[in-house]
Amino acid sequence: MYRIGIDIGGTFTDIAAVDENGRVVIAKSSSTPADPSEGLLEGLRVLAGELGLDRAELLARTERIVHGTTVATNALLESKGAKVALLTTEGHRDVIEMREGMKEDRYNVRMAPPVPLVPRHRRIGVKERLRSDGSVGTALTAESLKDAVEQVADLGVDAVAVCYLHSYRNAEHEAVTGDALAAALPDTYVSLSSEVLPQIKEYERVWTTVVNAYVGPVLSSYLSRLSAKLLDAGYSGEVMIMHSHGGVATIAESSRLAAGAVLSGPAGGIAAATHIARLIGEGDLITFDMGGTSTDIALLQGGEAQLTGEKQVGIAKVSLPTLDIHTLGAGGGSMARVAGAILHVGPESAGAAPGPACYGRGGTVATVTDANVVLGYLGAERFLGGRMALDSAAAEAALERLGAELGTSAVTAAEGVAKVVNTTMAEGIRIVSVRRGVDPRRFALVSFGGAAGLHVTEVARLLEIRRVVVPNVASVLSAWGMLASDLRHELVRSHVGEASTTSAAGLREVLLRMEEEGRARLDGFPGTVEVRRALDMRYGEQIFEITVPVDGVDLDAADLVEQVVARFHKRHEDLYSYHADGQEVVIVNARTTVIGKLPELQAAPLQPSTAEVAEPGSRRVHLDGWIDVPVHALDVLPPGSSIAGPALFESPTTTVLIRAGETATVTPHGWLDIDVPLRAGAER
Amino acid sequence: MVDPVTVSVVTHRFEAIVEEMGEAMLRTAYSQILNSSRDFSTAILDRDARLIAQAEHVPIHVGSLPWAVRAVIDQFGDNIRPGDVFLLNDPYHGGNHLPDLTAFVPIFDGGTLLFWAINRAHQSDIGGSTHGAYNPAATEIWQEGLRITPLKLHDAGEIRDDVITMIATNVRHQDEFLGDLRAMIGSAHVGERRVLAILEEYGADVVRESVDTILDSAERETRACIATWRDGVYTGESVLDDDGQGTEDIHVRATVTVAGDSLTVDLSDSHPQVKGFVNSSYPNMMSAVYMALTFLVDPRTPKNSGTFRAVDVIAKEGTVVWAKAPAPVTLATNHCAQEIAESVIKAMAQACPDRVIAGWGRRFRIAIKGVDPRTDRQFIWHLFHARPGAGASPVGDGWETAGEGQAMGSSKFGSVEVAETRFPLFFETHEFRPDSFGDGQFRGGAGSVLRLHMEIAEPAVANTAGEGVRHPSFGMLGGRDGLPHRYRLLSGDSERFLKTKEIDVPVLPGDVFLVESAGGGGFGPPEARSAEARAEDLRNGFVSGPESGPVSTTDSTREN
């Protein structure tokens, strides 16, 4: 039986199928943004062809499809979501647009404010009020409810978000409102904050609930269309959707909690990195995913990626637990500019249109990719496996112009672009590491994304990172990684109270109730279920909580509360280098992760290639002067071979450069495992 | 001459270093004033007190650190050694106001002093006669807190516990203070380590030459921008309500000369210094002028000493913008800093009309001290909510509730749910204040309206610190002024208008604060506003009726 991972990107739909033995077969089709399910079905046909089957036969032999989708992401970023109304506590309808008093980019004072997802006239104050202890201050009367529902009906919206103050403490008013809306407007998508994110802090909760309402109708209609098409095509197995937390969920759950899928696409890459960590036996990884406009980085520690509740997606704040992926504004398409005497690269990008000058689509500004062409790193005839010829004369001309501004040659300017972008990325990674409290030197760098291979070892050298891994499934890495994910439900409940007045029985009950709810969401899942718990805690006077894992603490212990408090002090010490024993400790949120373990993904060692090992070609490149370096075909290198730099490796989707002193070893899976020596005098 | 690529790489390294110093600070600072509102700055300067790079945390800290380095050099001369750490806060010795402590680590190449790594951070308390570092009653700086002239905290690697203990003993929260101080020093040491790595990689000569080019480059960028502005002599004026000690309508007046690619800002004609704490120190005045400059040029322009070479500042000691000791100055990082920046921006309306902006709302906060009946514990709560609106710009409306004008939307207010959980407060209403902004082609951002019930069982007291109940956010180039703040305390049937600099206001159980904060000023003539925008404002309730424009004069709200 097959498992199939599908990642739909802006240009291509990537598909990876894995059989019981871990053999991977990949296929690509063109994406069809108007209805992505068309490109998906076409991709399945291509894949079946690769396996010598027709699509119905392939689907009959498939037990699970895991799908990463940008439908929710695009709806949000391109403002193509549903027409939403917001019901909220009277007197508090502007929380979402007050933005906690913040404005981006403080020195940029000539900047128009963003258009709100829900304009003020669709934000309706409802006469009701809960108190901070959950008691009812102002009851929600039948009359005010009726009035609110009528206003919603008059607005003619596709979706309604409901977010009342303190509803994390008492969900009754929201539940009654949800019932009334469902009864009066059965076709309207309803999103209740007490179901989406029952967590204190209204700004995060209202945003997340509104995003859920905004993308929910779009995602759920796509998913039901997809299910129907797959059924027609002969598929009767499971369809799982990749979520922003790195796990997967069913179609029903994904339709309900659509806001959890806004980073579905990038999550596949991190799922892959998690799997790579297991395969290479190195749990501390930094992913380096360099694309056209930006570079995504994420830290894995002990083989696990961290989650954050602070994710910003465009103007939206989504506070569901989300993989902590950081985006740097530098990629292959980043444009170079000279300000005064200083060369800058990015964050402005040439994008796909006009793109870098060498794409020959009218771009004239020098980009990182143009610099790589001028330096000889990218073969003009062999870019993307020869699918796209590069105009090296246009790249040369763009770098000439940049050089003239700097008072130097095109080649020196190209070197400058490479050095500046490498510095920017290395410093970006360093700052993200410091923010997470880790020293990047003990990590390995995992390179993916088309543009990464030419920069990754230099970035590693600048960070004093010794090991770089380039997996050769990079082109469908996300699709492949999705197959390694488990079913996952992240639950949170605010449970605010001082530790000193919290009873072990009360805390136990909250945690057990969440576990029960999570297990129920797994809906009869037959496999192994893993439960993880954590508490968000702070010292009495602090504003921010930290998440303290409490796995392994015995819930039945009489000193349960004391044990979690001890964990908190320790965690605080680890993160902030101090703790305060005497201070009052407050528990704010309880978190439970319920994981349905799916059978582990196998990764087969490479089949000995039947193709002759090709003699390497050669190319003249600029590395502190022009030299000829060998060019290896990445896909046919025999496992175990070891190649010393300088050298280039080419595949249809990427080019990798190693420099003098660096050595690449080919792993059993056909990946490059590169040793980067420390430069002399580096800190140890 | 160092090649342009090396200079560029060194620039980006310095920019990253100050950012990394900031991250280190965020992670280790004890008090959450620092790691939530990020009220601190990190910077690298050279031995000639030239600012090379400064992290973009607090606009009003920009560019003032050279005076701090000079104060250390004046005090210690040649007695600056590897392993030293210096500290100061005194506004008459290189500081801007007492709550901002500045920690310095000198960076040496061999035995030669080359650079300084610096952290300046706002403390939640700095001693003095009131809690929380803002004392509206102060008439002398000694009432505002502990004055620290430049001193050594570490002497050639030896930590001077005697000095640290003495300082910590003079502030209210010792643990927090010591934790923050450690974080500041740690952050400066991060900067030192990273600068040493650059020195090792490129050598001192290359780095020093690169710094010259970096500063020249920023100067060139700034001057190229100024050169596009219309030459002339322009004046602008911004007025403070009062100093809380009986002086009203305190003006700051800027005469700005644009000549080719240079600016001269003359503040000499400003009001004489006053008794209350709205006076500015010299470094704070310079920072306020630089802040105005950074708003006028391209926001991507580096903020270093090269940038600031393009402007000459003339001022007279003994005026409100440059007070003589021992005048109190604590509010000055807000007011009169905002008025200094505003007077410069207003002056430039005719010189660069596509770059100036309308006025932002002013700071007006309340601190309440009482007892929480649910726990019988004392609480102190600061009003960070009910933000005023931002000023409109040539490209669009002002951002709603993004003010105060000295932070420019960089300071967050907290959750209402958390505030109600932790304090005996009930937020009946916290929404936009309709009609509060100035009309214009682009309107100002809305201020807020807050109805806050005090759920206390015994009397509490409130202090206020702020500005702007009489003077509103100004309109620009035909745009109208917004409404000023109007804060009231409702107690039974009586109503008290709150002034901006009061102490010990009695607050009784059941009292309600009715806070209406200022809207931002409008930009451009109201006739030029599109019909669509007006229809949207009406539909969204930003204006209460088709004819109800915001009131453009201040007299109607002059009840207090």
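Visitor: Which residue stands opposite D372(B)?

Guide: In this predicted model, D372(B) faces R377(B), a residue of β13(B).

Visitor: How many bridges join β12 of chain B to β13(B), and in which sense do the two strands pair?

Guide: In general, the strands of a sheet pair through backbone hydrogen bonds, in a parallel or an antiparallel manner. Here, β12, residues 364-372 of chain B, pairs with β13(B) in the antiparallel sense, over six bridges.

Visitor: To what order of strands do β12 and β13 of chain B belong?

Guide: They belong to an open sheet of four strands in chain B, with the order β13-β12-β16-β19 and antiparallel pairing. At its edges stand β13 (377-382) and β19 (505-507) of chain B; each has a single partner strand, so one side of each lacks a neighbour in the sheet. From one strand to the next, the twist averages 25°.

Visitor: Turning to chain A, how many helices and strands does it have?

Guide: Chain A has 17 helices and 35 strands. Its radius of gyration is 27 Å, close to the 26 Å that the globule rule gives for 684 residues, so chain A is as compact as a globular protein of that length. Along the principal axes, its C-alpha atoms fill a box of roughly 80 × 60 × 55 Å.

Visitor: What percentage of the residues in chain A is buried?

Guide: Of the 684 residues in chain A, 54% are buried. Among contacts in chain A with a separation of 6 or more, 66% are between residues 24 or more positions apart.

Visitor: Into which domains is chain A divided?

Guide: The division gives domain 1 (76-221), domain 2 (334-417) and domain 3 (487-596) of chain A. The C-alpha centres of domain 2 and domain 3 of chain A are 51 Å apart.

Conventions
Residues are numbered from 1 along each chain as its sequence is written. Chains are lettered from A and ligands numbered from 1 in the order in which they are written. This is a predicted model: local features need pLDDT of at least 70, side-chain atom pairs count only at pLDDT 80 or more; totals for chains, interfaces and linings use all residues. Domain bounds come from an automatic or database domain assignment. The radius of gyration is taken over C-alpha atoms; the globule rule is 2.2 Å times the number of residues to the power 0.38. A residue is buried if 20 or more other C-beta atoms lie within 10 Å of its own, exposed if 12 or fewer, and partly exposed in between; C-beta atoms are placed from the backbone. Two residues are in contact if their C-beta atoms, placed from the backbone, lie within 7 Å. Two strands pair if DSSP finds at least two bridges between them. Axes are lines fitted to C-alpha atoms, for helices over the stretch in contact, and angles run from 0 to 180 degrees between N-to-C directions.
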